[in-house]
4 protein chains.
Amino acid sequence: PDIQSTGDKRNVAINKVGVTNVRYPISFRTPGEGHGNTFIHTVATINMFVSLPHEEKGTHMSRFVEVLNDYHEGITSDTIREICVTMQDKLKAKDAFLELSFPYFIDKKAPVTGQSGKLDFDVTFEIASGTTDDFIMTLKIPATSLCPCSKEISEYGAHNQRCEMTVKVRVAEGHHLWIEELFGMIEKCASTQVFSVLKRPDEKWVTERAYENPKFVEDIVRDMAVTLNADDRIEWYQCFSENFESIHNHNAYAFIECDKRPESA
Amino acid sequence: PDIQSTGDKRNVAINKVGVTNVRYPISFRTPGEGHGNTFIHTVATINMFVSLPHEEKGTHMSRFVEVLNDYHEGITSDTIREICVTMQDKLKAKDAFLELSFPYFIDKKAPVTGQSGKLDFDVTFEIASGTTDDFIMTLKIPATSLCPCSKEISEYGAHNQRCEMTVKVRVAEGHHLWIEELFGMIEKCASTQVFSVLKRPDEKWVTERAYENPKFVEDIVRDMAVTLNADDRIEWYQCFSENFESIHNHNAYAFIECDKRPESA
Amino acid sequence: PDIQSTGDKRNVAINKVGVTNVRYPISFRTPGEGHGNTFIHTVATINMFVSLPHEEKGTHMSRFVEVLNDYHEGITSDTIREICVTMQDKLKAKDAFLELSFPYFIDKKAPVTGQSGKLDFDVTFEIASGTTDDFIMTLKIPATSLCPCSKEISEYGAHNQRCEMTVKVRVAEGHHLWIEELFGMIEKCASTQVFSVLKRPDEKWVTERAYENPKFVEDIVRDMAVTLNADDRIEWYQCFSENFESIHNHNAYAFIECDKRPESA
Amino acid sequence: PDIQSTGDKRNVAINKVGVTNVRYPISFRTPGEGHGNTFIHTVATINMFVSLPHEEKGTHMSRFVEVLNDYHEGITSDTIREICVTMQDKLKAKDAFLELSFPYFIDKKAPVTGQSGKLDFDVTFEIASGTTDDFIMTLKIPATSLCPCSKEISEYGAHNQRCEMTVKVRVAEGHHLWIEELFGMIEKCASTQVFSVLKRPDEKWVTERAYENPKFVEDIVRDMAVTLNADDRIEWYQCFSENFESIHNHNAYAFIECDKRPESA
């Protein structure tokens, strides 16, 4: 007897049941300028869930990872939504949820010498299919913040530090937003950007740019909001910055959430 | 000139601004049975935020940690709500938010020998004061789960593993719920409990209890929901269990959310 | 003036100076059975160091990551040692050290149905070139342990849990050891193995195998030692197992170190 | 039959066997200036091990945590060494090892206003008793580093960041070193110190001090070495600094190890 298929009398539906912490190789198609198939290979940590109605005792745990293993040619950015729909189908569920977190890489040129290098940052995709179809993308973008107050009151210097700007967006139906696009929009919101390799003229440039462009954590998160407000493809967002203060052992933080859809006003 | 006090023209209000990752000693009063002041000493990781209206440029970062440092006699469970109100007051804010995460300890007796030992688990408090007053308590409770399917299909044995049950509750106004009470209600929902010290007769007892009481992750989370539904002090909850499967390198997971208030139906 | 090139008067040599926490895509050649170039794509977290003599003020930080960025075709298992030598050369150092940690994947078949799936685990390489050439490989292998005492004293059942076996080996000069080989040798040392996908006949198999093969953490680590002692390619090792006890909120642990070289006796 | 007490034929001694990740409340006596019993209450994560000869099958796992639970009045800095000896005794072992990691707190005054606040940092104790008696103390001290090269080449400003200086020392027999003493010696080695609360005159002070005192990671670790070399109570040390570069998404790092005892020359 398959215990999972017996009924359940508790009258409690389960919102999400499935597997967490599955690690898997995955490839992402980049917005290549005419070169066709350029892929970034990375490793995702994956959570997979379905909803379970109150009268069903259990789901079929082994089928979740089977869905991944069925992609013999490899999982790519082109097949992620399909995986969520396949999950829903194979588990005969009303709702399926797929979450993937992975390091991502962008080739960035140093600001003066133009020397190229890879910058890494974390990305999360949250996909839902069934009762509601959904796609939320989160980027954690490293940058530099320089304190306006410290600059103002000091005869020389100003404390600055690495910060991490997190942006979580829901893209309106029918629109598309590349990781690279969102990254480029948001990294401009800090005092200056970080780079993989900086030679001496580059280091001079970023040091002076940061000093010329002081920002409180409140300024950074407001500039993120202004940027996200201006892009009509984004219908909802959360954004925050966490600044790893060089003068404290704790962090400064600011957070904004905004839903642009009229019905949510 | 105090830059933080100059105006801001971007017309963007900030939901939360403040400090994160502040570590601080804190004491908790336990529900002593007539012995009076029994305290547990632990260390909290603290986040402190206020809301900031669109026309104000910045908050006063140094005041957040000052509020903590003003408690020369030490921060206790009795003063936590007061800290949140003081924050709101000192920062002249419409809303203040205080989050504390800390390890907590319960003295538990082994089931047969009665030998006593400390069991540790993680607790989080989320407090809001201002526009909405709120108090949410989260416990992460370790226990044992034993797989019904594995027991059913195998001639002997059954795979079992440590699981972690997370319960997040909002207590209705005018009611009180001790950490110890919620812990006691929830740890019964797994196949068996974990202990600090188990002598041989105790180990026999927990091994046999788990085998007699097999539960899928779906069963555990449903039993958590049934328990939480039955307590009228709890008006909203989220609960989930994550089982660190002994036969896989990934985890099984199930999640339920419920809002009991009539207006949310 | 290039400050790094001025002298230093403190008379203190630095053992290691460089960069930590660099994330980078990397490919590993697998021991393909005649299919030629089969590669696993993963992401490494990389530390890169050189030694610095007492009279030199500083190293050239930007050159470390430049070495990685120079591999336009991608970093592979074939070029790792070369990277360490290049570092030593470009930094004009007596010693260079390269550490890479990355998730790795093995295709494993379920024990009865033969269904294939990817199993993930963590690998670290530590490479040195210069005064001493060295190569140390570390694998963290998930498996199942089942307690002999619990089985012995209980009328039915036995507590079991996921464990993680860590093995760190130095391979003798002129010899080679694949990740896949070491993984295969060590995963046999636990009560049973873990798998990516288990259908019902497979779950019955692993449950019964674990019950038939109870092992204390002491047994697991001793069987690891016996296995490592028997392979002449391995001239030094450390091994340990950490068992995430299903009946406690703490872990059981055992550790053995052995140097087989005669001069170390 | 007590399985652990049966013999073992594999002829493999175990260096360390025991429990890991035990969390426990602990109190530390501070170097009070005449006020007597001033204690800091914190929570330690504890590992406890003994050695096991080749002919013994297993140790007695339940006794490790029992040793902790026997301290009904609480574990303090005064009883830590005693716990290690008790472990060795109760487990009838040739060697016992005790490791404790915990957050620690120091009251620090802001440099200009003198406002007091708690600074947190991580401490580890490693204790051995038996064949060799040993005591190693590790502190992870947060501070600020400011880049000399960035200052030199830029017209204004200089990149700076939080750094973490780690110092691990073995104190010579018959000597004593307070956590507070070692902290005070080492935090001076960075460009400037971090504080819990900084008002405007304090922030001006730390900003200017950092700018006047630029240091490469190589300078920081060399100044740590010079400081540690000068204290005769310290007979061996390792020290390193990790600087969370504000201009990169990776860290700068430098490490020095030194054994002062003549026989190790």
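How many salt bridges are there between chain A and chain B? The count is eight. The model is a predicted one, and this tour begins at that interface.

**Chains A and B**

Display chains A and B together. Here 48 residues of chain A are in contact with 48 residues of chain B. The area buried between the two chains is about 3700 Å², and carbon and sulfur atoms give 57% of this area. Next, select Arg10(A) and Asp223(B), whose side chains form a salt bridge with an N to O distance of 2.8 Å. Between chain A and chain B there are also 31 residue pairs in polar contact, both residues being at pLDDT 80 or more.

To see which parts of chain A touch chain B, colour strand 1 (14-29), strand 2 (39-52), helix 1 (61-69), helix 3 (148-153), helix 6 (217-229) and strand 10 (251-259) of chain A; each supplies at least two residues of that side. Strand 1 of chain A provides the largest share, nine residues.

**Chains A and D**

Chains A and D bury about 3300 Å² between them, with 50% of it on carbon and sulfur atoms. Select Tyr156(A), Arg162(A) and Asn249(A): in chain A these lose the most area to chain D, together 22% of what that side buries.

One salt bridge is found across the interface of chain A and chain D. Select Glu155(D) and Lys204(A), which form a salt bridge with their closest N and O atoms 4.0 Å apart. Polar contacts across the interface of chain A and chain D number 29 residue pairs, both residues at pLDDT 80 or more.

**Aromatic rings**

Finally, show the aromatic side chains. Over all chains, there are 48 aromatic pairs. One to select is Phe125(D) with Phe135(D), an edge-to-face pair at 5.0 Å centre to centre with 70 degrees between the planes. Phe125(D) belongs to strand 5 (residues 116-130) of chain D and Phe135(D) to strand 6 (residues 134-146) of chain D, so the pair ties together parts ten residues apart in sequence. Both Phe125(D) and Phe135(D) are buried.

In chain A, select Phe28(A), Phe102(A), Tyr104(A), Phe121(A), Phe125(A), Phe135(A) and Phe183(A), which ring pairs link into a cluster.

Two charged side chains complete the tour. The charged end of Lys151(C) sits over the ring of Tyr211(C), 4.6 Å from its centre, and Arg170(D) lies over the face of Trp236(D), 5.0 Å from the ring centre.

Technical notes
Residues numbered from 1 in each chain as written. Chains lettered and ligands numbered in written order. Heavy atoms only, no water. Phe/Tyr/Trp six-rings, centres within 6.5 Å; stacked < 30°, edge-to-face > 60°. Helix = DSSP H or I, 4+ residues; strand = E, 2+ residues; numbered from the N terminus. Buried < 20%, exposed > 50% of the residue type's maximum accessible area, 1.4 Å probe, protein only. Lys NZ or Arg CZ within 6 Å of the ring centre and 35° of its normal. Contact = heavy atoms within 4.5 Å. Buried area = accessible area lost by both parts, 1.4 Å probe. Polar contact = N/O pair within 3.5 Å; in protein donor to acceptor, adjacent residues only side chain to side chain.
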